[in-house]
Amino acid sequence: MQRDAETAATRQRSMWQRNRWLLARRASQLTVLALFLMGPWAGVWLTRGSLASSELFGVLRLTDPLVALQALLAHHVLEGSAMGGAVIVAVLYTAFGGRSYCAWVCPINPVTDFAAWLRVKLRLPSLLRHATPDRRLRYAVLVVALLLSALLGSVVWETVNPITLLQRALVFGLAGGYGAVLVVFVFDLLVIPRGWCGHLCPVGAFYGVLGRGALMHVSAVNRDRCTACGDCFRVCPEPHVIAPALYGAPPGRSPAIASADCIRCARCIDVCDELVFRIELLPRRQAYPGSRQETT
């Protein structure tokens with residue numbers, strides 16, 4: 001009776017409760033963009049630069065570690081503050097999950113999320129539904145970008161990176177940046193579902209490698225409540241990461257989503273009426289099948 005009452009209560013969750021992590025992510029992405037745009041748009045220079053390299057509040061230098069790595073491979077000399085900024089960013093994403101960058105910072109993420117939502121609403125078929133590329137392709141793109149940086153002596157990926165091009169478009173009004181974003185949108189909408197982030201983007205691949213030893217995870221702590229409704233799989237940008245934690249964790253193992261592909265978007269937490277998931281730091285080891293009995 002008590003379990004039935006708990007289940008009924010969870011199904012009465014409000015729209016806010018079912019979308020709060022999504023709204024928090026959008027607020028985070030808009031805040032990051034606003035920090036960079038307030039200077040050129042309003043003359044309030046809280047942050048100078050871009051996501052590739054920036055100076056926060058005129059004091060803290062931050063550098064994208066992927067940009068720093070490309071620069072080093074291209075035999076560029078980086079200032080100590082730039083290297084220090086790259087280390088700070090790398091440590092943060094290593095601790096909190098490398099691909100949390102994709103969900104909470106990247107300005108391309110709302111574009112790909114919108115394409116995914118629109119594809120479902122319009123019931124559009126994939127042009128490559130019988131030949132979807134391997135997700136490891138993005139790692140190959142990453143390796144090629146690094147090799148080209150070393151061979152050509154330049155930070156190659158930043159010349160075509162949609163993230164950088166979008167920021168330049170917003171600041172300088174360069175049409176090419178909007179064109180790059182449109183290509184990503186059309187690619188995800190018509191060619192491959194979640195194709196850009198899931199199969200091609202080397203930035204996500206790099207941050208995934210960076211966060212393999214992350215301390216923060218989404219965890220299926222109440223997996224014994226799962227009714228196999230499939231809502232979490234439908235909203236997850238990387239749905240293959242869920243099943244091992246939800247169904248495949250052996251006795252005595254934590255139900256944390258351990259895959260480096262998880263972007264910590266927390267949409268599974270939003271949509272699950274059974275409250276199966278939550279975010280944890282250093283997830284506890286737990287006894288199968290759920291969170292009621294912890295190992296001693």
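This is a predicted model: local features need pLDDT of at least 70, side-chain atom pairs count only at pLDDT 80 or more; totals for chains, interfaces and linings use all residues.
A residue counts as buried when its relative accessible area is under 20%, and with a relative accessible area of 12%, Asp 261 is therefore buried.

**Helix α7: length and faces**

- Helix α7 runs over residues 137-152, and because each of its 16 residues is taken at 1.5 Å, the helix should span 22 Å, which agrees with the 22 Å between its end C-alpha atoms.
- The buried residues of α7 are Arg 138, Leu 142, Ala 145, Leu 146 and Ser 149; looking down the helix axis, these buried residues fall within an arc of 95°, so they line one face of α7.
- An α-helix has 3.6 residues a turn, so residues three or four places apart point the same way.
- On the face of α7 that is turned away from the buried side, the exposed residues are Leu 147, Leu 151 and Leu 152.
- The cover over the buried residues of α7 includes α3 (65-73), α10 (195-200) and α11 (202-210).
- Just after the helix comes Gly 153, which takes a positive phi of about 70°.

**How α7 meets α11**

- On the α7 side the contact is made by Arg 138, Tyr 139, Val 141 and Leu 142, while α11 contributes Pro 202, Ala 205, Phe 206 and Val 209.

- Not counting residues up to four places away in sequence, Glu 158 touches Ala 52, Val 67, Gln 70, Thr 164 and Arg 168.
- Although Glu 158 and Ala 52 are 106 residues apart in sequence, their C-alpha atoms are 8.2 Å apart in space.

- Leaving aside neighbours within four places in sequence, Asp 261 is in contact with Arg 99, Arg 138, Tyr 139, Glu 238, His 240 and Val 241.
- Among these partners, Arg 138 and Tyr 139 also take part in the contact between α7 and α11.

Key. Residues are numbered from 1 along each chain as its sequence is written. Side-chain values use heavy atoms; hydrogens and water are left out. Helices (H or I, at least four residues) and strands (E, at least two) are DSSP runs, numbered from the N terminus. The expected span of a helix is 1.5 Å times one less than its number of residues. Buried means under 20% relative accessible area, exposed over 50%, partly exposed in between (1.4 Å probe, protein chains only). The arc is that of the directions from the helix axis to the C-beta atoms. Contact means heavy atoms within 4.5 Å.
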